[in-house]
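Hi,

Here's the structure I promised to pass along.

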Number of protein chains: 2
Amino acid sequence: MPKYLLMDKAELNEEYKKLSDTYAEYKAQGLSLNMARGKPGEEQLNISNDMLYTITPETVFQTADCPDCRNYGGLTGIQEARQLFADMLGVHEKNVFIGGNSSLNMMFDTIACMMEQGNSGEKPWNQQGTIKFLCPAPGYDRHFGVTQYFGIEMITVPMTENGPDMDVVEKLVADDASIKGIWCVPKYSNPQGITYSDETVKRFAALKPAAKDFRIMWDNAYIIHDINDTPDSLLNIFDEVKKTGNEDMVFEFCSTSKITFPGAGVAALAASETNLEILKKRYNFQTIGYDKINMLRHVNYFKNLDGILAHMQKHRAILEPRFNMVTDMLEKELSGLGVASWTKPNGGYFVSVDVLDGCAKRVVELCKKAGVELTGAGATYPYGNDPKDSNIRVAPTYPPVEELQKAMEIFCVCVKLAAIEKIGK
Amino acid sequence: MPKYLLMDKAELNEEYKKLSDTYAEYKAQGLSLNMARGKPGEEQLNISNDMLYTITPETVFQTADCPDCRNYGGLTGIQEARQLFADMLGVHEKNVFIGGNSSLNMMFDTIACMMEQGNSGEKPWNQQGTIKFLCPAPGYDRHFGVTQYFGIEMITVPMTENGPDMDVVEKLVADDASIKGIWCVPKYSNPQGITYSDETVKRFAALKPAAKDFRIMWDNAYIIHDINDTPDSLLNIFDEVKKTGNEDMVFEFCSTSKITFPGAGVAALAASETNLEILKKRYNFQTIGYDKINMLRHVNYFKNLDGILAHMQKHRAILEPRFNMVTDMLEKELSGLGVASWTKPNGGYFVSVDVLDGCAKRVVELCKKAGVELTGAGATYPYGNDPKDSNIRVAPTYPPVEELQKAMEIFCVCVKLAAIEKIGK
């Protein structure tokens, strides 16, 4: 297939006309397809239904450290659940705090805690004037939302194929004591599906921030969310910070939202004992404890980490063909045109597509008019502002397969249309 | 039985000796009894177990406004749950927001939201210098804890048999614009079991605070938690504020923590649409949504308000004899001695006992040494400081009945011992 950039005006015009006809046909179908959010599809939800039936008249509600998990108490969760997450994260059970149904909420509360209480002997963040966070981008829009809610200034850090550009990170945190943290999705990053290299993790662990109260928000959302036979592996950040004496620098988060149910899963964080004490001061006023029966459901259903990993194979069986469909379609329709590049991740929930500079908004707009909803262009950047207007996050998990196929066909047509508009017909 | 105050030294001495012997006998038993927290007992937990089995392979997860309540979305909860709480609170469904498992957490988040965002066009509370809250006392220690966490100054307001002393409340809020709110448990108040009179509720609704951003935290924790045939009734605060145009002045909270399971129930708040918009701004960053499957469990189990009210009869059947045992024992052991007064509530979770001034700490200490744990003396006052050191909160719901009986026997002995020590033997 000829590269668009090599075409002359007449050829481009002809191609544009052909694509416009195809586009018009799709548009006439009055479709309503959604590739916007990283939501599991119905088939995925179904595989966890059995967990909902694990509480039976035979269930014993007494657990290792809880006399009756139907009652109040147990701020950090039941021991069995802490152990399950500890095994998943590769940390000690005493470093785990189990929360409610949302790791995002735990991240929000952690930032709130630092804002109001502070840490490492420094003043609370909200008493330090302007403070800043590093935001590797493209990244997760809801991370940026939390930072913005608290009035924290965001500094974009470029992503590389090995994770955030560590030269930039190291320099910024060493120079500027008003930089208090960084958002990371270290495995199968949202949206690119990049896993941080060993070197990147080691450099994170060895950071020497000017701010004593600098914190890494390590959102390990896709820690075991592989989708094929060649999964990525990620170094354990807590093993690394132990070597560098930086144990207090990291908060790690994860949840079962995309293992069992979004909204009815269990979230957890791991942190040094010092950091946990700080957090507990807040949580102790905030709640009497989280839903221990739902923790018990998870524990009873999975038994142990092997149980979770076996369960993830069922997710993989559903997701692998979907991701293949998306990347195959991109390959087939866009390869060699010089109008887009994309990632082919081994896990996670997204495929990240970079279209020609200045074209992302237009592609999203064209898709929308043809009934295909995508994540808003720019959403993957702080303040919703993608300086190149080129990144688009594609979420292949939610729509039924036949809809996904059609949505991707339309998406590719829109990428080409926008590209020709940009190149100039 | 003679009043202690009429006894001469020799009589008091003899009585003290006799009581000391009894006390020593109890102490020798090495007991471990707990009347500290308002936790439901095991028998109460058992009556809700069936709710845990209401999700079955036949369950339909699509609800009125949610395509699949196993998935993300639905920040304010499922419509059916909002309706259930709306019926309970006597408000419109559109004024209800369903949260996680803890109304305390919703109160904490509401205060946090006012601190960081503000309301009624005023600056956020945390940008207004010293701000204050009115705390009717004796009251709920965890309310005071939240206020203290956020550095809000607490002003004690005396309780009367009709609720907070409204002369004091009206004057303080009218005079001082730094007073931003008040904590209320309007029905079966914690710990006295007092229900606010119609006049009190009307006076609350008609408040004219100097601060435009003044808010009433109306914690209706025991809204349907009657324990006998003569339940109290409480005016609907939202009906009243509609008449006075003060709709934005009230946040109302409740939960099913003491209807189904503490920790695995569902919490909710009711507020004006303006206030809900303010809260949603925060919640929208904080979470993607709460556990809708647990909402569905409650909806499927109870069907409607009548289902909940029928369920409360089962709680009542368990609680009524316990409360009677406590108040009968107080009557039998302490009546006429002039050393204690107490409430005889028609609902709620506590009996409040006022011992001689300066004796509450001593009673709690004596009980503790004999193996009976009570809520710490002073806990029912802001900063844990009961100026008269006289109020003790007794929680009759948690211990097994035979333990409750023994605990109360010991409690009465301790009240008498402390009284004689105070009077002077």
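The cut-offs here are 20 or more other C-beta atoms within 10 Å for buried, 12 or fewer for exposed, and partly exposed in between, with C-beta atoms placed from the backbone.

Before the rest, some housekeeping. This is a predicted model, in which local features need pLDDT of at least 70 and side-chain atom pairs count only at pLDDT 80 or more, while totals for chains, interfaces and linings use all residues. Residues are numbered from 1 along each chain as its sequence is written, and chains are lettered from A and ligands numbered from 1 in the order in which they are written. The model comes with an ipTM of 0.96 and a pTM of 0.97.

Asp389(A) sits in the loop between strands E12 (372-374) and E13 (391-394) of chain A; helices (H or I, at least four residues) and strands (E, at least two) are DSSP runs, numbered from the N terminus. Its phi is near 50 degrees, a positive value in a residue other than glycine. In chain B, Asp389(B) also has a phi near 50 degrees, and its place is in the loop between E12 (372-374) and E13 (391-394) of that chain. Asp389(B), though, has 20 other C-beta atoms within 10 Å and is buried.

Most residues other than glycine have a negative phi, and most peptide bonds are trans. On the peptide-bond side, there are two cis cases to look at. The bond from Ala137(A) to Pro138(A) is cis, with omega near 5 degrees, and Pro138(A) lies in the loop between strand E3 (132-137) and helix H5 (141-149) of chain A. In chain B, the bond from Asn190(B) to Pro191(B) is cis, with omega near 10 degrees; Pro191(B) is in the loop between strand E6 (179-184) and helix H7 (198-205).

Now the interface. Chain B puts 37 residues in contact with 37 residues of chain A, where contact means that the C-beta atoms, placed from the backbone, lie within 7 Å. On the chain B side, H4(B) gives the most, with four residues. By class, that side has 18 nonpolar, twelve polar and seven charged residues (Ala, Val, Leu, Ile, Met, Phe, Trp, Tyr, Cys and Pro count as nonpolar, Asp, Glu, Lys and Arg as charged, and the others, Gly among them, as polar).

Which helix of chain B is largely enclosed by the rest of the structure? That would be H3(B) (residues 79-89), because eight of its eleven residues are buried. The buried ones include Leu84(B), Phe85(B) and Met88(B). They pack against strands E2 (96-98), E8 (250-255) and E9 (267-270) and helices H10 (292-302) and H11 (305-334) of chain B. Just after the helix, Gly90(B) takes a positive phi of about 70 degrees.

H4 (residues 103-116) and H9 (residues 273-286) of chain A pack at an angle of about 100 degrees, with axes 10 Å apart; axes are lines fitted to C-alpha atoms, for helices over the stretch in contact, and angles run from 0 to 180 degrees between N-to-C directions. That makes H4(A) roughly perpendicular to H9(A) (65 to 115 degrees; under 35 is roughly parallel, over 145 roughly antiparallel, and the rest oblique). Asp109(A), Thr110(A) and Cys113(A) of H4(A) meet Ile278(A), Leu279(A) and Arg282(A) of H9(A). Ile278(A) is partly exposed, with 19 C-beta neighbours inside 10 Å.

Cheers

Technical notes:
Contact = placed C-beta atoms within 7 Å.
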